[in-house]
Amino acid sequence: MALVDLVTQGSNVPLTFPVLVYHKVDPRFEFSIARISPNRFKSHLDWLLRQGYQTITISEAARLVRENQLVPDKTVAIVFDDGFDGIYKYAWPLLRERKMTATVFMVAGFAGKQDEWDVKIGWRRFRHLSWDQLRELSEAGIEIGSHSLNHPDLTRLENDALQYELRESRSILKEKVGCDIRAFSVPFGTSSPLVSDSVMDNGYESMVVVRSGPYEKTNSGMITFAGVCVYLTTGYNRLEGALQGRPPSLLGRMVQKAIGQCARWTPLVKGRPTYP
Ligand SMILES: [Zn+2]
């Protein structure tokens, strides 16, 4: 594990760069706080614009950090984990109308399929983006990154399986979408030194984990961004806190902990993916 350098870029305090992590944008109800309605998403975008924010992709932010440039003030990354088709149907038209961009982190093994990997309460299943939709988004300037192949908790995988998830998801996305895949977002937001090193060894240049605080750059050049999840329960106070790099409230931390527990339960309910 290379030494981690808190990026200060001439300042005395480590610099933060806000990354807002969304999951589903969809009007259809489900028993989950990970879904927000298109109307609420639209309100978030308009609120960001009123505050003077502009959006950039994760790899563009990574390039600025790598070149020791300052990420401009009032710049935010909007990220979608999992790659549901609500991004194409509902979120993308709202972003496009406002000339805003985003990064989609795709569960590569589930393109065009239902979310069978997900443990949920209730009956409703949601479809993932198809390869055609991913290509169209990519051609329109939305960055496509990897969110693994099967959405396992990477910190609990054997090394061979970990390497397979990172390598195969990148290779399939590259082949099917036809663009370079440079960014990775860890499933369930949880990472470890081994996961982080392996992400870099598999050709990615930056990654997103769920936590608050500054971004980090290792001596070998790997950049890790701190992402803040935006849920149904996230109010504007918390959004503002996320933009300013403030840690979440006790309730926010409890919600995040509950999501972490889901990571533990998922293999018990769904079984572990099999690897060649
Ligand atoms: Zn996910």
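**Stop one: helix α2 and what follows**

Start at Asn 68, which comes after α2 and has a positive phi, near 55 degrees. Before moving on, a word on ground rules: this is a predicted model, in which local features need pLDDT of at least 70, side-chain atom pairs count only at pLDDT 80 or more, and totals for chains, interfaces and linings use all residues. Residues are numbered from 1 along each chain as its sequence is written. Helix and strand names follow DSSP runs (H or I of at least four residues for helices, E of at least two for strands), numbered from the N terminus.

Now select α2 itself, residues 58-66, and colour its buried residues: Ile 58, Ser 59, Ala 61, Ala 62 and Val 65. Buried here means 20 or more other C-beta atoms within 10 Å of the residue's own, with C-beta atoms placed from the backbone; 12 or fewer is exposed, and in between is partly exposed. Which side of α2 are they on? They sit on the same side, because they cover an arc of only 155 degrees around the axis, the arc being that of the directions from the helix axis to the C-beta atoms.

Next, click Leu 70, in the loop between α2 and β6 (75-82). With 14 other C-beta atoms within 10 Å, Leu 70 is partly exposed. Draw a distance to Leu 15: the two C-alpha atoms are 9.0 Å apart, although 55 residues separate them along the chain.

**Stop two: α1 against α3**

Show α1 (residues 38-50) with α3 (residues 86-97); their axes come within 10 Å and cross at roughly 25 degrees. So α1 is roughly parallel to α3. Axes are lines fitted to C-alpha atoms, for helices over the stretch in contact, and angles run from 0 to 180 degrees between N-to-C directions. Under 35 degrees counts as roughly parallel, over 145 as roughly antiparallel, 65 to 115 as roughly perpendicular, and the rest as oblique.

For the contact (C-beta atoms, placed from the backbone, within 7 Å), pick Pro 38, Phe 41, Lys 42 and Leu 45 on α1, and Tyr 90, Ala 91, Leu 94 and Leu 95 on α3.

**Stop three: α5 against α6**

Finish with α5 (residues 159-177) and α6 (residues 193-201), whose axes come within 10 Å and cross at roughly 40 degrees. That is why α5 and α6 are oblique to each other. Select Leu 162, Gln 163 and Leu 166 of α5, then Val 195, Ser 198 and Val 199 of α6, to see the contact.

Notes: Contact = placed C-beta atoms within 7 Å.
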